[in-house]
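Thanks, everyone. Let's take a quick walk through this model, starting with its pocket and ending with its rings.

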Amino acid sequence: MKLLRHAIIIPLAVCILITGSHSAGAADPECLVIAHRGASGYLPEHTLAAYRLAILLGADYVEPDLVWTLDEIPVARHENRLDKTTDVATRAEFADRRREHTEAGQEKAGWFSEDFTLSELQSLRARERVPALRPANEAFDDMFQVPTLQQVIDLVREMEQRLGRRIGLYPELKSPAYFRARGFEPEERLAEILARNGYRRAEDPVYIQSFEAESLERLDQLTRLRLVLLLGRDPDDAERSDALVSDAGLADIARYADGIGVEKYGFLIPKDADGKLLTSDSTNLPARARRAGLKVHAWTFRAENEFLPSNLQRGTDPAGRGDSLAEHEAFIAAGVDGLFSDHPDVAREACRSAKAP
């Protein structure tokens, strides 16, 4: 049955496309669907197949997280550690590449992108990152290559031509300070690649995101493309988190960025002690951010019970599907401009529902 669900998803995507596409060259819709690492609820994340499916399911933007190879090529992975999302741990020829290091104050051990040339890295095969929660996705393990940013761009351009609508890019620079410390120039290289592909103006369909304000400040000097600061709520420092989204904090962010990407429960709608979504306690962050000239995009929406508020879960299986449509709709009602979703078809349905009279 799980494989059958995947087998029908492509024709279903075509139906959704026919009924819900955007015209080529149109401005960003009020309700932006951002495919989080592609259609990662249905296929292994950060693969060309996942990005292609996301576009067919109606995504406005696709999101490649970017890490770097030894020869300074940006590739799409959630993090630079490779053994969680590829078959590298099974490859005897790369056994000696395993190492330990400290990154952002944390000890890490495994295989890392910056120790592999692009040719070596693309000999690996992608695997599902959370197989316990997405066992059907394991059927696609070892089928797909790790794509470069250029391959993602080429796919987007191909799909724009085929479908006759604009499709945006939403790259995230992962750990840019770490890579700079190792001699890379992530901001300069990213701006250069995007410019070479015709992405230069604020009106172009690109948002660049990072958790590091310094990285965005560097990018602000390199490109006119729109920039988004990612904010996760620090459970150990609520005062600092609140300061970031105060009126003064938002004004400071607006100096160099065009939007904020915020943790949905931490900044927009809280959950109570039982894990229920408290829509009646929605914050006024979207309205205040817009007054500062900033868009608000919320992360991350997923359909499995494990990721949903307790009142939207259905059944007791953590991998079972709950009422994620209701969750998407709640945050649209709270005033966000866009949604990072592992299930872009659900996000697209929520956006259509919000527009319905």
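Start with the largest pocket. Its lining has 19 residues, and Glu103, Ala104, Lys108, Lys174 and Ser175 lie nearest its centre. A pocket here is an open set of points on a 1 Å grid over the protein atoms alone, where a 1.4 Å probe fits, with protein on both sides within 12 Å along at least five of seven lines; lining residues have an atom within 4 Å of a point. The space in the largest pocket is about 520 Å³. That volume is the space filled by probe spheres set on the points, which are joined across faces, edges and corners.

A word on the source. This is a predicted model, where local features need pLDDT of at least 70, side-chain atom pairs count only at pLDDT 80 or more, and totals for chains, interfaces and linings use all residues. Residues are numbered from 1 along each chain as its sequence is written, and side-chain values use heavy atoms, with hydrogens and water left out.

Which element gives the largest share of the pocket lining? Helix 6 does, with four residues. Strand 6 (106–110), strand 8 (172–173) and helix 6 (176–181) each supply at least two. Helices (H or I, at least four residues) and strands (E, at least two) are DSSP runs, numbered from the N terminus.

Now the inside. The largest nonpolar core has 82 residues. Among those with the most contacts inside it are Val62, Leu169 and Phe331. Such a core is a set of buried Ala, Val, Leu, Ile, Met, Phe, Trp, Tyr and Cys residues joined through side-chain atoms within 4.5 Å. Buried means under 20% relative accessible area, with a 1.4 Å probe and protein chains only. A second, separate core has seven residues, including Tyr170 and Tyr207.

On to the rings. The whole structure holds eleven aromatic pairs. Rings of Phe, Tyr and Trp (its six-membered ring) pair if their centres lie within 6.5 Å; planes under 30 degrees apart are stacked, over 60 edge-to-face, the rest tilted. Why is the pair of tyrosine 61 and tyrosine 207 tilted? Because the planes are at 50°, with the centres 5.5 Å apart. Tyrosine 61 sits in strand 2 (residues 61–63) and tyrosine 207 in strand 9 (residues 207–210), 146 residues apart. Both are buried. Tyr61, Tyr170, Tyr207 and Phe340 form one aromatic cluster.

Phenylalanine 140 and phenylalanine 144 are stacked: 6.4 Å centre to centre, 15° between the planes. Both of these phenylalanines are buried.

Terms used
Buried < 20%, exposed > 50% of the residue type's maximum accessible area, 1.4 Å probe, protein only.
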